[in-house]
Amino acid sequence: MPSSNTIIRITESDNVGIIPQPEGLTEGSVLTDGTILLEAIPMGHKVALSDLRPGDAVIRYGVPIGYVNTFVPRGAWVDAPKMELPEPPDLEEIQLEPGEPPVVEPLTGYTFQGYRNPDGSVGTKNMLGITISVQCVAGMTQYIEKKIREELLPKYPNVDGVVALNHTYGCGIAIDAPAAIIPIRTIRNIVRNPNFGGEVMVIGLGCEKLRPERLLSEESTSSSVLYLQDESFHGFSEMVDGIMATAEQHLQKLNKRRRETCPVSDLVVGMQCGGSDAFSGLTGNPVSGYAADLIVRAGGTVLFSEVTEVRDAIHLLTPRAVDTYVARALVEEMRWYDDYLAINQADRSANPTPGNKRGGLSNVVEKALGSIAKSGTSPIADVLGPGERVRRKGLNFAATPAGDFVCGTLQLAAGMNLHVFITGRGTPYGLSMVPVVKLSSNSKLGNRWHDLIDFDAGPVAFGEKTIEEMGWELFHLLLAVASGQKTVAADRWGLHNELVLFNPGPLT
Ligand code: CA
């Protein structure tokens, strides 16, 4: 058990500490450095380790995460209302020259069992996907999904499931607006996700703006398109029969897929946070970052995302870009998002959420510094715009909003075949298309949600285990999940969220 009055400081220069005790600490508690708590402070929140005068920087991770706007004596709670946000790094001033590249030591000898596809990609699940070209037909695909699950899937035991890839796009849209490329390529690239094995069905209506043919890639010869307005269909039951017959053809092909031994270099792991707390940056994210480094060392691909959560730490990321082109692309994604927020009169204080704040995260700067830890230490090999498909192996920044479902949807489009989701507050988030491995950043959540969390990184908070030990444990868990040998909690309970497209373009 932890000694009761230990607190967590990341660097020697930090003038605040984090309270790790699950029940918090009471007024009068004495910390190991002699600081006496002037008030009760809950778990995950910050205590001042020295007197802070108005304008003084609050230092965590060795950098200012804000400036106090009132006198905060040593031993007092440093919470959000007492802090002002620092200015975000000026994009004009960002260094674009690559820094000293980190040494990437190759890691060999690790494999997983996956479904290899004709295009070279590898699936971790064997799913029948049914996409749509317009929301009008979503009711039909929901109906069909259920009917396939009940009537057809029992006949095809090697198929893991069927999923309607429903979305709200397709008609009433300004399809030629520049921003329309984002939702369109997202839908297109999700069809190409390795877990569908190139056997996706497209259901269209017939009169929509987004032509279903635009959703099929040139190389996909085995995908098929059906229109509900096809004049050969007389009524609903004939449409259902037509779709079921087509589904059966795809299921027959999918049922022949078999897992084979694949190198870790075939993994595309999407990392994201949701419902973060002050522990996320101490435990869950560094442990995920360590595992991310192992995957990159083994030749695999890791995606990290969530623009608003890296914006305030962008100056720490550009020196890790492999070249100035990639560094510039990182800055351009930040600039695009700054403009997108400005047009809509939002600012970055819209993040964090009230839950983040209750978890001890005072502002977006503190959140960003913890958030980028999940990218590990590898060089940044490439930058993907929202909805783009991965081009280079290694660590990729896939630009997405931070909202969990939008980020997950865009990472699916990038080609993610395994998802790591780090949470401090807790969320039942899941996707049916890829396994979602959920990590808790603190054991209080890990214990309370013992059957919803797949991996508890909490022991790192008290030094019971090291980041390195837990990073390796997570890496081994990821290989077992990718191989279908371990089932994640979200799949065990069937907890699956809908796709949510990022559409920055106008509706008409
Ligand atoms: Ca998120």
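Contact here means heavy atoms within 4.5 Å. Keep that in mind for the whole talk.

A word on the source. This is a predicted model, where local features need pLDDT of at least 70, side-chain atom pairs count only at pLDDT 80 or more, and totals for chains, interfaces and linings use all residues. Residues are numbered from 1 along each chain as its sequence is written, and side-chain values use heavy atoms, with hydrogens and water left out.

Helices (H or I, at least four residues) and strands (E, at least two) are DSSP runs, numbered from the N terminus. Is N193 buried or exposed? N193 counts as buried, because its relative accessibility is 1%. Buried means under 20% relative accessible area, exposed over 50%, partly exposed in between, with a 1.4 Å probe and protein chains only.

What does N193 touch? Leaving out residues up to four places away in sequence, the list is L412, G415, M416 and V434. With M416 there is a polar pairing: a polar atom of the N193 side chain lies 2.9 Å from the backbone oxygen of M416.

Next, helix packing. Two packed helices are described by the angle between their axes and the distance between the axes. The axes are lines fitted to C-alpha atoms, for helices over the stretch in contact, and angles run from 0 to 180 degrees between N-to-C directions.

Take α2 and helix α10 (residues 404-414). They pack at about 60°, axes 7 Å apart. That makes α2 oblique to α10. Under 35 degrees would be roughly parallel, over 145 roughly antiparallel, 65 to 115 roughly perpendicular; the rest is oblique. On the α2 side, T186, N189 and I190 make the contact; on the α10 side, T409, L410, L412 and A413 do. L412 also touches N193.

From α4, the residues in contact include P286, Y290 and L294; from α12, they include W472, F475 and L478.

Last stop, helix α9 (residues 364-371). How many of its residues are buried? Eight of the eight, so α9 is largely enclosed by the rest of the structure. Among them are E366 and K367. At the start of α9, a side-chain oxygen of N363 comes within 3.0 Å of the backbone nitrogen of V365.

That's the tour. Thanks.

Technical notes: A polar contact is a pair of N or O atoms within 3.5 Å; within protein, one must be able to donate a hydrogen and the other to accept it, and residues adjacent in sequence count only if both atoms are side-chain atoms.
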